[in-house]
Amino acid sequence: MSMTETELPRLAGRSRDEIAQRLAADLVDGYTVNLGVGIPLAVPQHIPEDLEVFLHSENGILGLGPAPEPGTEDPDLTNAGKIPTSILPGGAIVDSALSFAIIRGGHLDVTILGALQVSASGDLANWYVPGRNPAVGGAMDLVAGTPQVWICMEHVDRQGRPKLVPECTFPLTGRGVVTRVYTDLAVFHVLDGRLTLVECAPGITPEEVRARTAADYAEAVPE
């Protein structure tokens, strides 16, 4: 980069809600999908009506629904982020042991998580910032037990530093586990072990993405 990241202006890419909406458009009919905390929790609001996707929450819900209407919240029914949620007809509430058996048994198609850092080869760090309280949760189980790990996050952190990096400097959640990354500026796939830019957000150029990405990556953006 010609400038330090903090000198680059902020870009008006996708909002956090729009990141979730863009990711939801890539879900496949019949998938069973785990949702982590943060941006992933907005995904249920954006699943296309003609798509049947079974949403799993690690705290013991299979058949997670969208956010309830104001005033109809059930304090005993929350998602992994402890936010009131709903459950779809035919859904199930299970204990923690069975919920993690679903994860560890390979019954999920995709897990959608937030991230602190993703490396050029698909390593993930999302549970601990040194000096702060760790938040282990079920992320290690999820990335080990799920064939596809999709990350949705903002492209840079609050200080403007890239979150797509050559090597993760925060403690790893998993090595080589990420298969896709959705940010406010772009969409990346990990192809043959290498981060690959496949789409820029509306109004964002490949050059602007490059300037805000520390990781090396390939480009496969349609003309």
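In strand E9, Val165 is the bridge partner of Ser119. That one pairing is a friendly place to start exploring this predicted model.

Ser119 has its bridge partner in E9, and strand E6, residues 117-119, is joined to E9 by 2 bridges. E6 and E9 run parallel. Strands of a sheet pair through backbone hydrogen bonds, and they can do so in a parallel or an antiparallel way.

Now step back to the whole sheet. In which order do its strands lie? The order is E7-E6-E9 in an open sheet of 3 strands, and the pairing is mixed. Its edge strands are E7 (124-125) and E9 (164-165), each of which pairs on one side only.

**Two residues with positive phi**

Next, look at the loops. Lys82 has a positive phi of about 65 degrees, although Lys82 is not a glycine. To find Lys82, follow the chain into the loop between strand E3 (61-64) and strand E4 (87-93). Asp192 is not a glycine either, and its phi is positive too, at about 55 degrees. Asp192 sits in the loop between strand E11 (186-191) and strand E12 (194-200).

Are these residues buried or exposed? Lys82 counts as exposed because its relative accessibility is 73%, and exposed means over 50%. Asp192 has a relative accessibility of 85%, so Asp192 counts as exposed as well.

Here are the two residues side by side:

| Residue | Phi | Relative accessibility |
|---|---|---|
| Lys82 | about 65 degrees | 73% |
| Asp192 | about 55 degrees | 85% |

Key:
Residues numbered from 1 in each chain as written. Predicted model: local features only at pLDDT ≥ 70, side-chain atom pairs only at ≥ 80, totals over all residues. Heavy atoms only, no water. Pairing = 2+ DSSP bridges. Helix = DSSP H or I, 4+ residues; strand = E, 2+ residues; numbered from the N terminus. Buried < 20%, exposed > 50% of the residue type's maximum accessible area, 1.4 Å probe, protein only.
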